[in-house]
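Please look at the sequence and the structure before reading on.

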Amino acid sequence: MKSFLLKGKIPVSKWGNLPDNTFFRGEIPDGYSLGVSPSEGYIILDVDVKPNKSGFDNIPEKILEELSKTFNYKTKNNGQHYWLKTDIDLPNSTSGLNIDVRTSKGYVVWYSNKGFPKGELGEQL
């Protein structure tokens with residue numbers, strides 16, 4: 001896993017060149033957010049909520065119950081990021097269902113002004 005500064009949703013550094021286990025340290029400046037990329041062997045299921053279109057509507061209730069047991073957190077627009085361990089090599093992908101997959105070759109935005117809770121992540125995965 002690695003984390004790095006974003007201005008909007010754009011990285012301010014060449015994040016793909018950062019080694020794994022590199023974390024932004026310190027307080028996130030006003031106007032910035034944090035990009036978080038999972039390590040290989042993990043994916044982030046990014047469920048978006050947009051006006052009149054929610055990714056949650058496309059996930060069966062039983063699966064949502066199981067996903068709630070993983071490390072997860074609410075996003076800025078009431079979506080959810082679910083972190084999952086996998087041994088399947090998946091690409092980053094988007095769908096018309098408002099459900100995206102992010103791998104070590106992609107990232108999600110962490111909107112808190114505090115650093116990413118990497119200790120909490122390790123305990124839950």
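## Strand pairing

Two strands count as paired if DSSP finds at least two bridges between them. The model shown here is predicted. In it, strand S4, residues 42-47, pairs with S9 over four bridges, in the antiparallel sense. Asp46 has Asp100 in S9 as its bridge partner.

Elsewhere, strand S1 (residues 2-7) is joined to S2 by two bridges, and these strands also run antiparallel. Here Lys7 stands opposite Ile10 in S2.

## Overall layout

The chain contains 10 strands and two helices. Followed along the sequence, the pattern is β-β-β-β-β-β-α-β-β-β-β-α.

Among contacts in the chain with a separation of 6 or more, 65% are between residues 24 or more positions apart.

## The sheet with S4 and S9

Strands S7, S8, S4 and S9 form an open sheet of four strands, in the order S7-S8-S4-S9, and the pairing is antiparallel. Which strands stand at the edges of this sheet? They are S7 (72-74) and S9 (99-102). Each has a single partner strand, so one side of each is left without a neighbour in the sheet. From one strand to the next, the twist averages 20°.

## The sheet with S1 and S2

Another open sheet has four strands in the order S2-S1-S3-S10, with antiparallel pairing. Strand S2 (10-11) and strand S10 are at its edges. Because each of these two has a single partner strand, one side of each has no neighbour in the sheet.

## Interior and surface

The largest nonpolar core is made of 12 residues. Among them are Met1, Leu5, Phe23, Ile28, Phe71, Trp83 and Trp110. Which elements give two or more residues to this core? They are strand S3 (32-37) and strand S10 (108-110). Apart from this core lies another, of nine residues, including Leu45, Ile59, Leu64 and Tyr82.

Of the 125 residues in the chain, 40% are buried. The chain exposes about 7600 Å², and carbon and sulfur atoms supply 51% of that area.

## Summary

Notes
Residues are numbered from 1 along each chain as its sequence is written. This is a predicted model: local features need pLDDT of at least 70, side-chain atom pairs count only at pLDDT 80 or more; totals for chains, interfaces and linings use all residues. Side-chain values use heavy atoms; hydrogens and water are left out. A nonpolar core is a set of buried Ala, Val, Leu, Ile, Met, Phe, Trp, Tyr and Cys residues joined through side-chain atoms within 4.5 Å. Buried means under 20% relative accessible area, exposed over 50%, partly exposed in between (1.4 Å probe, protein chains only). Axes are lines fitted to C-alpha atoms, for helices over the stretch in contact, and angles run from 0 to 180 degrees between N-to-C directions. Contact means heavy atoms within 4.5 Å. Accessible areas come from the Shrake-Rupley method with a 1.4 Å probe; for residues, only the protein chains shown count as cover.
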